[in-house]
Amino acid sequence: ANPLPIRNNVQPSMIALSSDSLQENQPSGTTIGTLSTTDIDAGQTHIYALVSGMGSTDNSSFSIAGSNLIANFSADFENKSSYSIRLRTTDNLGCSFEQAFTIIVKDVNDAPTGLLLSNNQIDENQPNNSTIGNLSAIDTDANETFTYSLVAGAGGADNGSFNLNGNVLRANAAFNFENQALYSVRVQVADKANNVYVDTFKVIVNNVNDVPTDIVIITDSVIENAATNTIITSLTTTDEDISQTHTYSFNNVAGNDNALF
């Protein structure tokens with residue numbers, strides 16, 4: 001009888017990766033997928049390596065542990081949405097096969113990372129619901145929508161003095177510099193996935209020169225037959241603004257006796 005021919009070891013023909021995608025923001029060291037090899041030679045074992053060549057642009061960002069492909073970075077979809085690598089599989093008799101892969105980064109709705117207020121000052125005595133400033137959010141996701149709210153917590157002591165109309169921060173009342181010149185407000189922004197960010201803002205009340213509210217005289221009488229230029233009284237003024245000086249003059253209207261003084 002003729003002996004059976006001995007078949008030579010055949011090169012592997014394909015590399016498979018169980019998953020070729022990675023969610024952004026996963027920690028460095030995350031496993032992307034498991035590698036396997038198509039090989040007509042039964043009973044073969046295979047080892048894997050990242051190799052240079054066509055499609056190996058991003059090899060340095062990955063590593064292999066056994067048959068697992070590992071990401072050596074935390075992916076950020078907004079920064080880079082796909083990576084190109086080149087892999088080699090080698091069987092236990094030394095035959096190898098190489099194949100390029102594209103690793104896709106899946107976008108995840110990121111939480112807002114900041115809050116801005118366009119203006120944080122308001123003049124005193126402005127009417128209720130006067131606009132202080134517009135709120136805006138910092139978020140890496142494009143085409144986001146945001147909802148703003150006043151929330152309790154550190155820095156929110158004066159929330160009751162404000163209200164929000166959409167993204168507009170407004171005063172709940174006419175502020176008085178002489179009563180309180182600085183307010184603290186705590187604001188939350190939520191994106192369409194309900195990821196939130198919270199920040200506090202200081203609102204400054206600007207002092208405005210208030211109108212005097214009264215003229216006070218010590219006495220309002222004079223003895224008859226007093227000489228011309230006799231002093232009747234001293235005048236003082238009631239005025240919210242401290243350290244003010246005042247001048248006085250007659251307000252002449254028909255029928256009064258200003259001309260006698």
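This tour goes through the salt bridges one stop at a time. Keep in mind that the model is predicted. There are three salt bridges to find in this structure.

**Stop one: D58 and K80.** Select D58 and K80 and show their side chains; they form a salt bridge, with the closest N and O atoms 3.7 Å apart. Now look at where the two sit: D58 is in the loop between β4 (46–50) and β5 (62–65), while K80 is in the loop between β6 (68–71) and β7 (82–91). The pair links distant parts of the chain, 22 residues apart.

**Stop two: R86 and E98.** Next, pick R86 and E98, another salt bridge, where the closest N and O atoms are 3.0 Å apart. E98 lies in strand β8 (residues 96–106) and R86 in strand β7, so this pair ties together parts that are 12 residues apart in sequence. R86 counts as buried, at 17% relative accessibility, but E98 is partly exposed, at 26%.

**Stop three: R88.** Which residue does R88 form a salt bridge with? The partner is E98, and here the closest N and O atoms are 2.7 Å apart. The link again runs from strand β7, which holds R88, to strand β8, which holds E98, and the two residues are 10 apart. R88 is partly exposed, with a relative accessible area of 30%.

**Last view.** Show R86, R88 and E98 together: salt bridges with shared partners join them into one network.

Definitions and conventions:
Residues are numbered from 1 along each chain as its sequence is written. This is a predicted model: local features need pLDDT of at least 70, side-chain atom pairs count only at pLDDT 80 or more; totals for chains, interfaces and linings use all residues. Side-chain values use heavy atoms; hydrogens and water are left out. A salt bridge is a side-chain nitrogen of Lys or Arg within 4 Å of a carboxyl oxygen of Asp or Glu. Helices (H or I, at least four residues) and strands (E, at least two) are DSSP runs, numbered from the N terminus. Buried means under 20% relative accessible area, exposed over 50%, partly exposed in between (1.4 Å probe, protein chains only).
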